[in-house]
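This report describes selected packing features of a predicted model.

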Amino acid sequence: MLGPVILAASRSDRMRRFVSAAPGTKQVVDRFIAGETVDQVVPVVEDATAKGLEVTLDVVGEDITTVEQSYAARDAYLELIARLKELELGPRAEMSVKLSMFGQALENGHELALANVRPVVEAAAAIGTTVTLDAEDHTTLDSMFAIHEELRKDFPQTGCVIQAYLFRTEDDARRLAEAGSRVRIVKGAYKEPASVAYQDKAEIDKAFVRILKILMAGKGYPMIGSHDPRLIAITKELARQAGRNPDEYEFQMLYGIRSDEHVRLAAEGHRMRVYTAYGTDWYGYFMRRLAEKPANLLFFARSILTK
Ligand code: FDA
């Protein structure tokens with residue numbers, strides 16, 4: 001019951017101000033956000049890659065309101081890529097972007113987001129890595145998939161995310177499961193209406209498995225973004241049935257969640273990429289993490305009350 005309430009709050013400016021100013025917030029935010037600046041995230045990347053993990057870096061931010069902010073988002077990623085170049089990690093450090101941070105919801109937003117994300121994808125390719133387009137709420141997805149298709153004409157390795165909770169996703173998976181594609185499958189983290197998305201956890205899990213089967217049987221590169229032990233076991237079995245080697249798909253998990261499992265799966269010989277979010281505009285990202293697990297909210301409430 002709490003999840004939808006927290007997700008609604010994730011879009012409220014009043015709640016944003018309250019949560020951001022509350023004493024004790026930072027302590028909880030730090031669990032999920034790897035730092036505020038590039039300088040702070042670089043050691044986190046070095047530590048993860050030294051442990052045999054890979055990373056996808058997300059400069060947090062979304063739902064911007066001015067064109068200038070969209071340019072700032074582009075520049076933040078370009079600054080990050082300049083630092084990654086020095087680390088020479090190639091595809092072991094890729095990036096995840098949210099197109100709403102690149103101006104997708106502004107006037108002529110589709111064109112603006114494409115114009116902003118293209119130089120980032122170009123710069124990533126120049127250092128031997130790539131970018132994955134995150135999936136936001138369902139109203140943004142046609143534009144995201146169109147931008148993905150456009151970018152893939154020049155940069156075929158550009159990835160995208162599909163969300164198991166949406167009714168549309170099985171069709172998207174069939175369309176995307178082609179040679180050379182990179183597709184991350186996740187359960188879905190936004191508040192979606194019953195007209196477009198499954199609401200029941202068991203239904204979402206079943207849809208996830210159906211989509212996973214499509215991706216595993218297809219010719220693309222599936223990226224499994226989940227911490228769910230059952231889905232991880234099913235992934236291993238489906239990969240085995242499809243005759244895929246461990247380098248023909250990868251697991252992905254979020255920084256700060258089931259960290260022991262990151263290392264354990266990597267030690268088992270799996271590719272494991274940690275979605276590592278950093279930056280100052282963490283509110284939306286943080287609230288989705290609270291919504292996913294009520295225990296996080298209790299911990300958060302306790303840390304505010306005891307400060
Ligand atoms: P589930 O929520 O059932 O969790 C399984 C177990 O994992 C829990 O029992 C708990 O132990 C642990 N866990 C999960 N979330 C936790 C949390 N917040 N705090 C503590 N423990 C937690 N969504 C989206 O809509 N668009 C996107 O682009 C992405 N991108 C993305 C990238 C990557 C790498 C991951 C892992 C996830 C996303 N997501 C996402 C988020 C995704 O949709 C989903 O909300 C979360 O992954 C939680 O779902 P699980 O599959 O982990 O299962």
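## Surroundings of Val97

Apart from neighbours within four places in sequence, Val97 is in contact with Tyr77, Phe102, Val117, Val120, Val131, Leu133 and Asp134. Val97 itself belongs to strand β2, which spans residues 93–97.

Val97 counts as buried because 25 other C-beta atoms lie within 10 Å, where 20 or more are required. Between Val97 and Pro193 the sequence separation is 96 residues, and the C-alpha to C-alpha distance is 24 Å.

## The largest nonpolar core

The largest nonpolar core comprises 87 residues, of which Tyr77, Val97, Ile185, Ile211 and Ala277 touch the most other members. Helix α9 (residues 201–217) makes the greatest contribution to this core, supplying 7 residues. At least three core residues come from each of domain 1 (1–33 + 289–307) and domain 2 (34–281).

When residues up to four places away in sequence are not counted, Ile211 touches Ile162, Ala164, Thr169, Glu170, Ala173 and Ile185. One of these partners, Ile185, is also listed with Ile211 among the core residues that touch the most other members.

## Packing of helices α3 and α13

Helix α3 (residues 25–32) packs with helix α13 (residues 294–305) at an angle of about 145°, and their axes are 8 Å apart. On the α3 side the contact involves Thr25, Gln27 and Val28, while α13 provides Phe299, Phe300, Ser303 and Ile304. Classified by type, the contact of α3 with α13 contains 4 nonpolar and 3 polar residues, with no charged residues.

Definitions and conventions. Residues are numbered from 1 along each chain as its sequence is written. This is a predicted model: local features need pLDDT of at least 70, side-chain atom pairs count only at pLDDT 80 or more; totals for chains, interfaces and linings use all residues. Helices (H or I, at least four residues) and strands (E, at least two) are DSSP runs, numbered from the N terminus. A residue is buried if 20 or more other C-beta atoms lie within 10 Å of its own, exposed if 12 or fewer, and partly exposed in between; C-beta atoms are placed from the backbone. Two residues are in contact if their C-beta atoms, placed from the backbone, lie within 7 Å. Axes are lines fitted to C-alpha atoms, for helices over the stretch in contact, and angles run from 0 to 180 degrees between N-to-C directions. Ala, Val, Leu, Ile, Met, Phe, Trp, Tyr, Cys and Pro count as nonpolar, Asp, Glu, Lys and Arg as charged, and the others, Gly among them, as polar. A nonpolar core is a set of buried Ala, Val, Leu, Ile, Met, Phe, Trp, Tyr and Cys residues joined through C-beta atoms within 7 Å. Domain bounds come from an automatic or database domain assignment.
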